[in-house]
2 protein chains.
Amino acid sequence: MTDNIGILHPGEMGVSVAVSAMTSGHNVYWASEGRSPQTYQRAQTHALVDLGSLENLCRSCSIIISVCPPHAAEEVARSVLAFSFKGLYADVNAISPQRARRIGEAMSDAGVSFVDGGIIGGPAWRAGETWLYLAGSGAEQVADCFSAGLLQTEVIGEVIGKASALKMCYAAYTKGTTALLGAVLGAAEGLEVRGELERQWSRDDPGFAEEAQQRVRMVTAKAWRFAGEMEEIAATFAAAGIPAGFHEAAANLYRRLSGFKGRVTRPELLEVLNALISDAGKDKE
Amino acid sequence: MTDNIGILHPGEMGVSVAVSAMTSGHNVYWASEGRSPQTYQRAQTHALVDLGSLENLCRSCSIIISVCPPHAAEEVARSVLAFSFKGLYADVNAISPQRARRIGEAMSDAGVSFVDGGIIGGPAWRAGETWLYLAGSGAEQVADCFSAGLLQTEVIGEVIGKASALKMCYAAYTKGTTALLGAVLGAAEGLEVRGELERQWSRDDPGFAEEAQQRVRMVTAKAWRFAGEMEEIAATFAAAGIPAGFHEAAANLYRRLSGFKGRVTRPELLEVLNALISDAGKDKE
């Protein structure tokens, strides 16, 4: 069965989700109104069909998939409800389970079928590297959108929030340790012991110091949108009875790197560490 | 040259430091007054000479090395000063550089030569596995106490606080990631997605889920004294202009595990995770 699927919005992840649905035999649409030239270019390159306005997209599609930064998830959901969409709505964003439940309740109240999702991995250009976890009674229907398998899917039950919880816990460690490495390297630089620290790391594991430096330099381009995800994780942990401080600190650090958004070349380590060290904090000593 | 070295106190780490000095040809003393039966037994087993009181130890030794939990470091230093010790005092504890500087200033004011140290690794029973970093003008003299090399030494300059800073930054990652793994597994358990998380981890790296479980179960016996070390790291980071939240959260988590102190058998994972999840936090939702 061929479905009409709307993707909000074709960012780097979203366009790969769109292509995965297209290669699975579906018609995939987007709405260019108000989107950036970069998004327009990306959607053109991958032959997504532009319906112009969100209103047209809501009218033409039976399934809408929301792929956006966490802070925008509720706004995107509200805008779809404003156009009286009546199909199936899947939120696959990095949001807390409580936010997913809130969106789900608003959808149910409006007669929209809601599926909670969470994506683990980068944009899905190679099979077996990116997983879309799905929860909710319509989860199988969303999984069917990607049957050709570029994007792997797995349904993990009917309880809304479970897919989001899994995504939060997974990212808590990967993005949490990258932030922690940044904090440690920043502190070591500020305290003038970075050389000694990297030497000791190399005694334990010859590749570790270099890997740590690369992780911290590589994350800079995406740091601006990781801050919101860290705040979602902090809220998720707090609601589960676990201290939120790890990810509140991680959000703070990623915000300090937000100036690297859009930078084409990877910055030198020292530039990153200097951005991580807050002079305000140092003054307090 | 044979020195008379006092060890305050022969805990599990301290007794290995003492033995390393003995095998390097020095006379090593301790003071049993007020210590636990376990410490007495440990010192006896390794043939440390008991001088009974701290007063006797301060009178008989030219070098005193403080090896104790971070919260006790300043009290140990004060007690030594109270007996008018006039030799060389090395603090090798897991304390912030600012606390090391504070102890160093008190020592200098009293005419005591001060060396700042930090130990990386477990008790030094095998060569090449445990490093004592040293900073201060008397650092070489402390390094000479361990010339036989069970405990490896490295002098990293004259600036008091540098060895402590290195220890803090190193432990920030090792003990920080163990705490983070506990937080993630605790949250996943509470949110009923632990099985799915461990399955995804295994897709990324077949050994990781098992390793994470073991790290969290193994840390329980020592968690009671890690809380103080995490607070020292938080203070170190704050003074360096880096968010303290990671290690404040880690201190909180390690405190939740303090009930496992002295437990002989390693607890099951579920018992650990239930201890990590605070009902108070959950009630807030």
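**View 1. A:E192 in its loop.** A:E192 is partly exposed, with 16 other C-beta atoms within 10 Å. Here a residue is called buried if 20 or more other C-beta atoms lie within 10 Å of its own, exposed if 12 or fewer, and partly exposed in between, with C-beta atoms placed from the backbone. The loop that holds A:E192 runs between α7 and α8 (194-204) of chain A. Helices (H or I, at least four residues) and strands (E, at least two) are DSSP runs, numbered from the N terminus. Although A:E192 is not a glycine, its phi is positive, near 60°. Most residues other than glycine have a negative phi, and most peptide bonds are trans.

This is a predicted model, in which local features need pLDDT of at least 70, side-chain atom pairs count only at pLDDT 80 or more, and totals for chains, interfaces and linings use all residues. Residues are numbered from 1 along each chain as its sequence is written, while chains are lettered from A and ligands numbered from 1 in the order in which they are written.

**View 2. A:A47 in its loop.** A:A47 is another residue that is not a glycine and has a positive phi, about 60°. A:A47 sits in the loop between α2 (37-45) and β3 (49-50) of chain A. With 10 other C-beta atoms within 10 Å, A:A47 is exposed.

**View 3. The cis peptide bonds.** In chain A, the peptide bond from A:L8 to A:H9 is cis, with omega near 5°. A:H9 belongs to the loop between β1 (4-8) and α1 (12-23) of chain A. In chain B, a cis peptide bond joins B:L8 and B:H9, with omega about 5°. B:H9 lies in the loop between β1 (4-8) and α1 (12-22) of chain B.

**View 4. Helix α7 of chain A.** This helix (residues 162-190) has 29 residues and reaches 41 Å from its first C-alpha to its last. That is close to the expected 42 Å, a span taken as 1.5 Å times one less than the number of residues. At A:A172, α7(A) bends by about 30°; the bend is the angle between axes fitted to the seven residues ending there and the seven starting there. Of the 29 residues of α7(A), 27 are buried, so the helix is largely enclosed by the rest of the structure.

**View 5. The two domains of chain A.** Chain A is divided into domain 1 (4-159) and domain 2 (165-283), with bounds from an automatic or database domain assignment. Their C-alpha centres lie 29 Å apart. Between them, 14 residues of domain 1 are in contact with 13 residues of domain 2; contact requires C-beta atoms, placed from the backbone, to lie within 7 Å. On the side of domain 1 that touches domain 2, the elements giving two or more residues are α5 (97-109) and β6 (113-120) of chain A.

**View 6. Where chain B meets chain A.** Here 48 residues of chain B are in contact with 48 residues of chain A. On the side of chain B that touches chain A, α7(B) gives the most, with 17 residues.

**View 7. The axis between the copies.** Chain B can be laid on chain A by a turn of 180° and a shift of 0.0 Å along the axis, with an RMSD of 0.0 Å. The superposition is by least squares on the C-alpha atoms of residues with pLDDT of at least 70 in both. The two copies are therefore related as by a two-fold rotation axis. In chain B, the C-alpha nearest the axis is that of B:F246, 2.1 Å from it.

Definitions and conventions
Contact = placed C-beta atoms within 7 Å.
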